[in-house]
Amino acid sequence: MKKYKSFFAGMLVMISVLALSGTALAASGQLQISDAGLVISDVVKVKPGDTYPVDGQRLPAAVSYTGTDGKPYYYLPAQMMSDYFNVQVGWSEEQSSVVLGASSNGESSQEPKGPNPTKPAIGAKVGPYKEIAAKTVDTKEKPSLIADDKTHVQTVTGIHASSIFNPKNGKYVVLRVTNNGKERVTWRVGQPVRLGEPVYLPAVDLEPGHTLTRAFEMDGDAPEENRDLLLDIRGAAGTSGAVDVKFSVMQFK
């Protein structure tokens, strides 16, 4: 399944065709482009007349159609489902269809494939969070928010924890995990999505007796509905699945 770049390139053509065919559609109804905005939970996301940025281009943010019976219909770019509702959006070449949610052709990302690297991919991004070198964050200062502080968990089913961060409390999120067990564990950081599996950064393995600190810089302009950050820890591939860890999740300015 291709990402939505090719789909939106086609969408630009579609909108151009709609604009050119306005007179033909006028006989059955009225078509208007970019005359409507978008408000989500009383928050203005797009003002009427504004365009919507996608891959360096600006699309009409909304297309409205009024039928001959006077009933209005509104059409929005599918990318908005991803940006504002955390729904995976893609394009199926085989089905010639927009795909919302995980594709049935994809493999589940829940089980660790391992072995994985023991160092995180600096610069990798998931949603509004970019992984940065932990040493660049001053953790000597008091954290502005503590979601977990040396929380000790022993389990064979894995840990799946989620926290929501407000950029007003600082743009840095720091996660620290200590593996107290006897086996290697796989640690992933990602974001939940609706209609599909979570999206994760590359997995990192943590050996027994080791501690790893990871830091993330948050985009302050991220919409509130996209600020979840997932912590997923489970037994690494080839192990019994036992997990014995302590973890901390904190936010810093």
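# Close-up views: figure legends

**View A. R188 and D232 are both buried.** Buried means under 20% relative accessible area, exposed over 50%, and partly exposed in between, for a 1.4 Å probe and protein chains only. The structure is a predicted model, in which local features need pLDDT of at least 70, side-chain atom pairs count only at pLDDT 80 or more, and totals for chains, interfaces and linings use all residues. Residues are numbered from 1 along each chain as its sequence is written, and side-chain values use heavy atoms, leaving out hydrogens and water. A salt bridge is a side-chain nitrogen of Lys or Arg within 4 Å of a carboxyl oxygen of Asp or Glu. R188 and D232 meet in such a bridge, at 3.5 Å from N to O. The two belong to distant parts of the chain, 44 residues apart: R188 is in strand β15 (residues 185–191) and D232 in strand β19 (residues 228–235). Strands (E, at least two residues) and helices (H or I, at least four) are DSSP runs, numbered from the N terminus. D232 also forms a salt bridge with R234, with the closest N and O atoms 2.9 Å apart. The relative accessible area is 0% for D232 and 15% for R234, which is likewise buried.

**View B. R214 and E131 are joined by a salt bridge.** Their closest N and O atoms are 2.9 Å apart. The structure holds 5 salt bridges.

**View C. Six strands form an open sheet with antiparallel pairing, in the order β10-β11-β18-β14-β20-β12.** The edge strands are β10 (125–126) and β12 (145–155); each has a single partner strand, so one side of each lacks a neighbour in the sheet. Two strands count as paired if DSSP finds at least two bridges between them. Strands β14 (residues 172–179) and β18 (residues 211–218) pair in the antiparallel sense over 7 bridges. In this pairing, V173 has F216 of β18 as its bridge partner.

**View D. Strands β8 and β9 form a hairpin with 4 residues between them.** The two strands pair in the antiparallel sense over 4 bridges, and W91 stands opposite V98 in β9. In a regular strand the side chains alternate between the two faces of the sheet. Both faces of β8 are covered: V89 and W91 on one side, and G90 and S92 on the other, are all buried. V98, L100 and L195 form a nonpolar surface patch with about 260 Å² of accessible area together. Patch residues have over 30% relative accessible area and no salt bridge; nonpolar side chains (Val, Leu, Ile, Met, Phe, Trp, Tyr) are joined within 5 Å, and like charges within 9 Å. Accessible areas come from the Shrake-Rupley method with a 1.4 Å probe, and for residues only the protein chains shown count as cover. L100 lies in β9 and is partly exposed, at 43% relative accessibility.

**View E. S96 has a positive phi of about 50 degrees, and K150 has one near 55 degrees.** Most residues other than glycine have a negative phi. S96 is in the loop between β8 (89–92) and β9 (97–100) and is exposed, with a relative accessible area of 53%. K150 is found in strand β12 and is exposed, with a relative accessible area of 61%.
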